[in-house]
Amino acid sequence: MTDRQSLDGMAAPNWNDPAIQGRLKRRHRGASLLRLGGIVAIAIALGLLALLLGSILSIGLKAFSQTVAEIDVPISTEYVDLENLEDSNWTRLAQDGVATLYPDDATGRRDQRYRNILSRGGLNAVRGAIEEQVIADPSLVGQSVRVSVQLSDPFDQFAKGVVRRDTPEDMRRITNDEIAMYDGLVAEGRISRVFNTWLFTNGDSRFPEMAGLAAGLRGSAMALMVCLIISFPIGIGTAIYLEEFAPKNWLTYMIEVNINNLAAVPSIVFGLLGLAVLLNFFGLPRSAPLVGGMVLALMTLPTIIIATRAALKAVPPSIREGAMGIGASPMQVVTHHVLPLAMPGILTGTIIGMAAALGETAPLLLIGMNMFSTDLPGSVFDQATALPTQIFMWFDSPELGFVSRTAAAIIVLLGFLLMMNATAIFIRSKLERKW
Amino acid sequence: MTTTRQWTAFAALAVMTVASSTSALAQSPRDNVWSVGSSTVFPYSQAVAEEFSYTDGFSSPSIESTGTGGGMRLFCGGLGLAYPDITRASRAMKQSEWDNCQNNGVTDITELQIGSDGISLSVSRQGESFDISRAQLFLALAAEVPVNGQIAANPYERWSEIDASFPDVEIQVFGPPPTSGTRDAWVELVMEEGCESFSEVEALEEGRMEEVCQRMRTDGKFIEAGENDNLIVQRLNADPTAYGIFGYSFLYENLSALQAVTVEGVAPSQAAIGDGSYTVSRPLFVYVKNGHRGVTPGLEEYLALYTSEDTFGPDGFLVERGLVALSDAARAEEHAEAMNGAGMTRYISN
C-alpha cells in the first residue's frame with residue numbers, strides 16, 4: 001500500500017532516457033551551485049569577521065599591558081602625621097619618591113629631562129598608592145614603599161616597539177638624551193611590563209597611560225539599569241495585554257503594526273526625541289545616565305514587546321484551557337501559568353535588547369554623554385559617559401596611545417556583548433521548554 | 001501567590017525609584033564646573049580639567065565637545081545650573097549668538113583668548129612637501145577660479161598645473177566639513193585672503209565675490225572627511241599623494257608620520273604661529289558666564305588655573321598639547337580679565 005500504486009495508471013519512467021538524464025543533471029548542478037554559493041558567502045562573512053577581529057586585536061591587545069617604573073618611596077617621618085595619618089603630606093612624600101630617580105646634576109638641580117619618561121599624572125598615582133599602603137600598614141613609616149608608576153605614553157610606545165629607536169630624532173616625540181636615561185632605568189631593573197589594571201579602574205584622562213574605562217563602564221551599567229527598570233515591566237505589560245486580553249480590532253492592529261515599525265526606527269531618532277522632549281521640554285539633566293537609560297528604553301521596548309509576544313504565543317492553548325478549567329481567573333491564568341512558562345523566551349529577548357542598547361552610540365551622543373570628566377559618576381543624575389561614547393572620544397584624541405586604547409575599549413565592549421549573548425543562548429537552550 | 005507578591009514588590013520598587021528620582025531632581029543638579037563648545041579647544045580644557053581634579057576640594061569639571069556653534073546655543077540658553085558655565089570657541093562669538101545670549105538673560109560674559117592654533121596642510125612623510133601661497137591654495141581648492149580673465153569652474157586637475165615646481169600628482173585634499181570651526185577658519189584665513197589677490201575677483205560685485213571666495217570645490221578634489229581629524233591622518237598615511245587640512249595639534253602629535261606643506265615660505269611651528277609669521281592661524285576663545293561666579297563651586301578657581309603661567313604660558317602644559325601661547329602682556333591681561341570678570345566689549349549690549 002505505497003504511493004507506487006497510485007501511479008499505476010502511468011507508464012513507468014524510463015530513467016535512461018537522455019532527456020530525463022539531462023534534466024536530472026541540470027537539477028543536480030543547480031543544487032550544488034546553490035550549496036557552493038552558500039559556502040562562499042559564509043567564507044566571505046567569516047573572512048571579514050576574522051579581518052575585523054584580527055585588526056582590532058592586533059592593535060588593541062597592546063593596551064592591555066602597560067610599562068611601569070618601580071620607585072622606592074621613602075616614607076620619611078618628617079612628613080607623616082602619626083596622630084592622624086590621613087593628614088600627612090602625601091604630595092611631598094610622593095614628590096621626594098619620584099625625585100629619587102633623578103640624579104642631581106652638576107648644578108645641583110633635579111634633572112628635568114626625566115620628567116618626560118614618567119607619566120605626567122604619575123605623581124598623583126604615587127600619592128594615592130603610598131597613602132593607601134601606609135594607612136593599611138602604619139609600620140611602613142620610616143621605611144620605604146615600592147610603587148609602580150606608569151611611563152608616559154611616548155615611552156610606553158617606545159617600550160612596546162611602536163616608536164622605534166632607529167627613527168631619526170626629529171621624527172619622534174622622545175629625544176636621544178631621554179632614551180639614554182630610559183636605558184639607565186632599564187639597566188637598574190626598574191622598568192617592567194605589567195597587566196594594565198588601570199584600564200579597568202581609572203576614569204578618563206588626557207594621558208593615555210592614565211586613561212581607563214571605569215567611568216564608561218559605570219555609566220553604561222547605570223544607563224542599562226534605568227533602561228531595564230523602564231522597558232522590562234512596560235514591555236511585558238504591553239505584550240501581555242496585546243497577546244492575552246486585547247480585543248482583535250483595527251485599533252489593536254494599528255498598535256501592533258506601529259510597534260513592529262518602531263523596532264526598525266534608526267536609533268538616532270530616539271536620541272533626537274530624548275534631546276527635544278526629555279532635555280529641552282522636561283528639563284532633565286544633560287549627559288545623565290538617567291536620560292541615556294530612558295532613551296535606550298524607548299529603543300529596547302519594541303524588541304522586548306515582540307520577543308515577549310512570541311514567547312507568549314508559543315505557550316500552548318491547552319495550558320490556558322486547563323487552568324481555566326480548574327477555575328483560574330484570566331489574570332491567574334496569565335500570572336500563574338502562561339507568564340512563568342514564557343519567561344525564558346522573554347528573558348532571552350530582553351538580554352538581546354539590552355546587548356543592542358549597550359552598543360548604541362548615536363542617541364547617547366545627542367544627549368551629551370560624550371563628555372570628559374576624570375571623576376566616576378556617583379548617581380544616575382551625574383554627568384557621565386558610556387562605554388561606546390568613551391570609544392568615540394578616544395578615537396578622536398590625537399595622542400598615539402589612544403589608538404591602541406580605542407581598540408582595547410572595543411575589545412572590552414565586544415567582551416560584554418559576547419557575555420550577554422552567551423547568557424541569552426544559555427537561557428534559551430537550558431530553560432526554554434518545547435512543546 | 002508568590003508571583004503576585006513578586007509583582008507587587010516590583011511595582012513598589014518601580015514607584016520608589018521614580019519617587020526618589022523626582023526628589024533628587026529638585027535638588028541642585030551639579031556641583032562642578034561644566035564646559036561645552038569647540039572640539040578644537042576640547043583637548044586644552046580637558047587638560048586643565050584634569051589638572052584641576054588633582055587639587056583637593058572640588059569635583060572634577062565636566063567637559064563636553066559640542067562644536068563651537070552648538071556650545072554657543074547651550075551656553076546662551078539661560079542662567080542657572082541647568083546651563084553650562086563656560087563655552088569654548090575656535091572663532092569669536094557672532095553678533096547673532098550675542099543677541100541670543102542677551103535675550104535669554106545671559107548679559108554678563110567674559111571673553112578670554114587662551115592662545116592660538118595653526119591650521120596645517122599636511123602630507124605623509126612618504127609624500128612630497130612644497131611651498132605654496134594662499135593665492136595658489138585658492139586656485140587648487142576653490143569651486144570657481146579666474147581662468148584667462150574669466151571666472152570659471154576650477155580646471156586644475158594636478159598640483160603641477162598650478163605651478164610647474166609642484167609635484168606632478170592629482171590634487172586630493174581631505175578637509176573638515178562646513179559644520180566645523182576649522183573649516184570656517186580655513187575659508188577665512190586662506191580662501192578669502194587668497195582670492196583677493198586676483199583682479200578678476202576684485203572686479204566682481206559684492207555677493208558674487210563672496211560666493212567665489214568661500215565655496216570649496218565639490219568635484220572630488222577637495223574631500224570632506226568628517227569632523228574626525230584622526231581619520232584624515234590615517235588617510236594621509238595610506239596615500240602619500242593625498243594632503244589633509246587639520247589643526248596644528250594633530251600635526252604635532254603625528255610628526256613621526258606627517259610633514260607640513262609650508263605656506264608662503266613658513267612651516268607651522270609654535271614660534272611661527274605665535275608671532276603670526278605662519279599666516280594660517282586663529283585665536284581660540286573661552287567664554288565665561290559671569291552670573292555663575294560664586295554659584296558654581298570651583299568656577300573661579302578653575303579659571304585661575306586656566307589662565308596661570310603653568311597652564312597657558314610658554315612652558316605650560318597646554319603648549320605641550322599643541323596650543324600656541326599668547327604674548328606675555330596678552331597673558332597678563334587675559335588672567336586679569338578671568339579674575340575680575342570684565343565684560344566682553346566685542347558687541348555693545350542694547
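In this predicted model, helix α14 (residues 387-395) of chain A and helix α15 (residues 401-431) of chain A have axes that come within 9 Å and cross at roughly 165°. Helices here are DSSP runs (H or I, at least four residues) numbered from the N terminus, as are strands (E, at least two); axes are lines fitted to C-alpha atoms, for helices over the stretch in contact, with angles running from 0 to 180 degrees between N-to-C directions. The two helices α14(A) and α15(A) are therefore roughly antiparallel to each other, a term for angles over 145 degrees.

The contact (C-beta atoms, placed from the backbone, within 7 Å) involves L387(A), P388(A), Q390(A), I391(A), W394(A) and F395(A) of α14(A). On the α15(A) side it is made by F402(A), R405(A), T406(A), A409(A), I410(A) and L413(A). By class, nine of the residues in this contact are nonpolar, two polar and one charged; Ala, Val, Leu, Ile, Met, Phe, Trp, Tyr, Cys and Pro count as nonpolar, Asp, Glu, Lys and Arg as charged, and the others, Gly among them, as polar.

Turning to the whole chain, chain A contains 15 helices and four strands. Its C-alpha trace spans about 115 × 65 × 45 Å along the principal axes. Of the 435 residues in chain A, 40% are buried, with 20 or more other C-beta atoms within 10 Å of their own, these atoms being placed from the backbone.

Residues are numbered from 1 along each chain as its sequence is written, and chains are lettered from A and ligands numbered from 1 in the order in which they are written. Local features need pLDDT of at least 70 and side-chain atom pairs count only at pLDDT 80 or more, whereas totals for chains, interfaces and linings use all residues.

Key. Buried ≥ 20, exposed ≤ 12 C-beta atoms within 10 Å, placed from the backbone. Parallel < 35°, antiparallel > 145°, perpendicular 65-115°, else oblique. Contact = placed C-beta atoms within 7 Å.
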